[in-house]
Amino acid sequence: MIKSVGFIGWRGMVGSVLLNRMIEENDFLKITPHFFSTSQFGKDGPTINNTVFKNVKDAYNLSLLEEMDIIVTCQGGFYTDTIYPKLRKKNWNGYWIDAASTLRVKNDSVIVLDPINLKAIKQAVDNGIKTFVGSNCTVSLMLMALGGLFQQKLIEWISVSTYQAASGAGANYVIELLKQMGSLYNIVSEDLSNDFCSILEITKKVTKIIQDNSFPLKHFSVPLAGSLIPWIDSDIGTGQSREEWKGQFETNKILDSKNIVKIDGICVRISSIRCHSQSILMKLNKNISLKNIEEIIFNHNQWVNFIPNNIEETISKLTPSAVTGTLNIPVGRLRKSSIGNKYFSAFTVGDQLLWGAAEPLRRMLNLLTNI
Ligand code: NAP
């Protein structure tokens, strides 16, 4: 039977990438889609295969939601917190697929990343689990990159620094970053075409506008263009940000680890538009050769690809601009660290809107529509 699938959050960063991937893969031919919005109901929805989906439904209307076999939400934690418990209380027994972090901590939810935990996902479906949640973006990307080492239980701990794109925070943050970049450019545009303009003058003007009240700060609250923000998500009160806390918790939940793999680090927002990068130092529990490690990493899945540790390939292939819009997970800067024999460094980049968000949800939806 063709399933009715309700989409909430399809206008946003994750949702629009999800729709795009579903169109590319002809997924809409397998379902009856219904589009909901918290702000646009009554208006036109997306255009799919030349059909405009008219009259978007109200995402807070429980009766309409109850008619869905599957709900896919990329709307955010507030929406999930508000609607999910009410729907379940009304004994709605459909599948709930979610991009937000809210339900990841629940015992009766499964975090989905099928190249890593397909067996557990299928088992959960067989056992009647109805709630499937995408993982934190950097967690998914790290697991896709180092999946082989995790699978062989070779990692003792990981210390990671992340370099996370503006789009990781949502559509309005990308718009704000671009406005910030525009302000920087506008203030010095004439100077840039004057070969004799002093660079000191240019940097002074740029610094002044960054600190000016007119600089666009509604969403980030501090400058990102020409700067960075070394804190992502809320403060959990232990010195870690929530984004940093998710690293160890979600990785081990996905792996269903008996022995916890320790993961910690600092998560940083940078001014790339799309793609999260991670600089990793890991301690393995065995002294194995670099060659062996490369084989384990690059044989794990079809998306991970090897970037030799040289300047040219690193700067051309291991960057957000090279990876954006693709499912590739390049891993490079791979070497034995000078700290010791069991310590390795690596750098990886991935499109956080694809493998870090939309793609695992799309694949979960496919799995459920094929039942
Ligand atoms: P988002 O871009 O802010 O979109 C969420 C919703 O905000 C949209 O569906 C839309 O809802 C509304 N919206 C308000 N202004 C908008 C605008 N200018 N353009 C488009 N939509 C606008 O959020 P998101 O980044 O997709 O994140 C959704 C959820 O996924 C969050 O829980 C997030 O934590 C999670 N997630 C995000 C990423 C990522 O890389 N962004 C990765 C993994 C997980 P209405 O149509 O109802 O108004």
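By class, the residues forming the shell around the ligand divide into 15 polar, 10 nonpolar and one charged. The model is predicted. In total, 26 residues surround the ligand, and the closest are Arg-11, Val-14, Thr-38, Ser-39 and Ala-171. The ligand sits in the largest pocket.

Three helices, namely helix 1 (13-24), helix 6 (171-192) and helix 12 (354-369), each supply at least two residues of this shell. Helix 6 provides the largest share, with three residues.

| Residue | Protein atom | Distance to a ligand oxygen atom |
|---|---|---|
| Met-13 | backbone N or O atom | 2.9 Å |
| Thr-38 | polar side-chain atom | 2.5 Å |
| Ala-171 | backbone N or O atom | 2.8 Å |

On its own, the ligand has 880 Å² of accessible area, of which the protein covers 80%.

A further site concerns Asn-301, which is placed in the loop between helix 9 (290-298) and strand 13 (304-306). Asn-301 counts as buried because its relative accessibility is 10%, and buried means under 20%. The side chain of Asn-301 takes part in a polar contact with the side chain of His-300, at 2.9 Å. The Asn-301 side chain also reaches the backbone nitrogen of Trp-303, at 2.9 Å.

Terms used:
Residues are numbered from 1 along each chain as its sequence is written. This is a predicted model: local features need pLDDT of at least 70, side-chain atom pairs count only at pLDDT 80 or more; totals for chains, interfaces and linings use all residues. Side-chain values use heavy atoms; hydrogens and water are left out. A residue is near a molecule or strand if one of its heavy atoms lies within 4 Å of it. A polar contact is a pair of N or O atoms within 3.5 Å; within protein, one must be able to donate a hydrogen and the other to accept it, and residues adjacent in sequence count only if both atoms are side-chain atoms. Accessible areas come from the Shrake-Rupley method with a 1.4 Å probe; for residues, only the protein chains shown count as cover. On a 1 Å grid over the protein atoms alone, a cavity is a set of points where a 1.4 Å probe fits but cannot get out, and a pocket is an open set with protein on both sides within 12 Å along at least five of seven lines; lining residues have an atom within 4 Å of a point. A molecule sits in a cavity or pocket if more than half of its atoms lie within 2 Å of its grid points. Helices (H or I, at least four residues) and strands (E, at least two) are DSSP runs, numbered from the N terminus. Ala, Val, Leu, Ile, Met, Phe, Trp, Tyr, Cys and Pro count as nonpolar, Asp, Glu, Lys and Arg as charged, and the others, Gly among them, as polar. Buried means under 20% relative accessible area, exposed over 50%, partly exposed in between (1.4 Å probe, protein chains only).
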